[in-house]
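Trainee: I would like to learn how to read the packing inside a protein model. Could we go through one together, a feature at a time?

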Amino acid sequence: MKNPLLGVTLLLMTFTSTGIACAQDVILDDVDTSVESEWARISIHFTLPVNYVRHFPQERGQLLQIFFTVAGIDSQNISLREEIRNVSATPVMPATTITYEPPLSLNLQRDPSSISVRFDHPVNYDVRPGEDHRSIVIYLPIVPADTKPADTAKDKPGKKDSPAK
């Protein structure tokens with residue numbers, strides 16, 4: 001290269017753009033679902049190890065907020081991009097949108113990262129950290145579609161009411 005200043009400038013730009021790329025890497029890897037005997041399971045996988053902090057509301061809602069910290073990452077390398085993953089509805093699981101929301105500030109202890117999980121209707125759930133330290137798992141109880149009261153005789157005309165229990 002004839003101009004050493006140009007060479008140094010290009011080298012500096014390469015290192016700088018690599019640092020920016022690291023700060024913009026994705027946090028959400030993928031989302032998979034499975035159905036167990038009593039639970040539908042949504043597993044949210046991350047590209048880096050995460051530490052589950054808390055979630056809100058605790059047991060039921062249409063919008064669930066899950067807070068976590070990313071292990072071994074400092075404020076200069078945290079992703080500042082919103083990321084979205086969608087889960088299609090099934091007979092036992094509602095359509096779900098999962099959104100990574102960057103922290104409110106670069107103080108990661110005070111303002112941890114979070115994901116919002118929006119179900120298409122209110123559901124009961126249980127949230128737990130994944131065993132691999134790179135995932136968070138949401139369990140949704142499976143509710144049969146055709147649930148009927150055990151004793152329907154009192155709802156029918158002409159039948160005597162059931163004895164009090």
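Trainee: Are Phe46 and Phe68 buried or exposed?

Mentor: Please keep in mind throughout that this is a predicted model. Both Phe46 and Phe68 are buried, and for Phe68 the relative accessible area is 0%, which lies under the 20% cut-off for calling a residue buried.

Trainee: Which residues touch the most other members of the largest nonpolar core?

Mentor: The general idea is that, in soluble globular proteins, nonpolar side chains tend to be buried together. In this model the largest nonpolar core has 24 residues, and those touching the most other members are Ile44, Phe46, Phe68, Ile115, Phe119, Ile138 and Leu140. The elements that give two or more residues to this core are strand E2 (39–46), strand E4 (60–70), strand E6 (96–101), strand E7 (113–124) and strand E9 (135–141).

Trainee: With which residues is Phe119 in contact, leaving aside its neighbours within four places in sequence?

Mentor: With those neighbours set aside, the contacts of Phe119 include Ile42, Leu64, Pro94, Tyr125, Ile138 and Leu140.

Trainee: How many aromatic pairs does a search of the whole structure find?

Mentor: The search finds four aromatic pairs. One of them joins Phe46 and Phe68, whose rings are 4.9 Å apart from centre to centre with 50° between the planes, a tilted arrangement. This pair links distant parts of the chain, since Phe46 belongs to strand E2 and Phe68 to strand E4, 22 residues apart.

Trainee: Why is the pair of Phe68 and Tyr100 called tilted?

Mentor: The angle between the ring planes is what to read here: the planes of Phe68 and Tyr100 stand at 45°, with the ring centres 6.4 Å apart, so the pair counts as tilted. It too links distant parts of the chain, with Phe68 in strand E4 and Tyr100 in strand E6, 32 residues apart. Tyr100 is buried, at a relative accessible area of 0%, and together Phe46, Phe68 and Tyr100 form one aromatic cluster.

Trainee: Where does the charged end of Arg128 sit?

Mentor: The charged end of Arg128 sits over the ring of Tyr139, 4.8 Å from the ring's centre, while Arg54 lies over the face of Phe67, at 4.3 Å from the ring centre.

Trainee: What does the side chain of Ser135 make a polar contact with?

Mentor: Ser135, which lies in strand E9, makes this contact through its side chain with the side chain of Asp132, at 2.7 Å.

Terms used. Residues numbered from 1 in each chain as written. Predicted model: local features only at pLDDT ≥ 70, side-chain atom pairs only at ≥ 80, totals over all residues. Heavy atoms only, no water. Core = buried A, V, L, I, M, F, W, Y, C linked by side-chain atoms within 4.5 Å. Buried < 20%, exposed > 50% of the residue type's maximum accessible area, 1.4 Å probe, protein only. Helix = DSSP H or I, 4+ residues; strand = E, 2+ residues; numbered from the N terminus. Contact = heavy atoms within 4.5 Å. Polar contact = N/O pair within 3.5 Å; in protein donor to acceptor, adjacent residues only side chain to side chain. Phe/Tyr/Trp six-rings, centres within 6.5 Å; stacked < 30°, edge-to-face > 60°. Lys NZ or Arg CZ within 6 Å of the ring centre and 35° of its normal.
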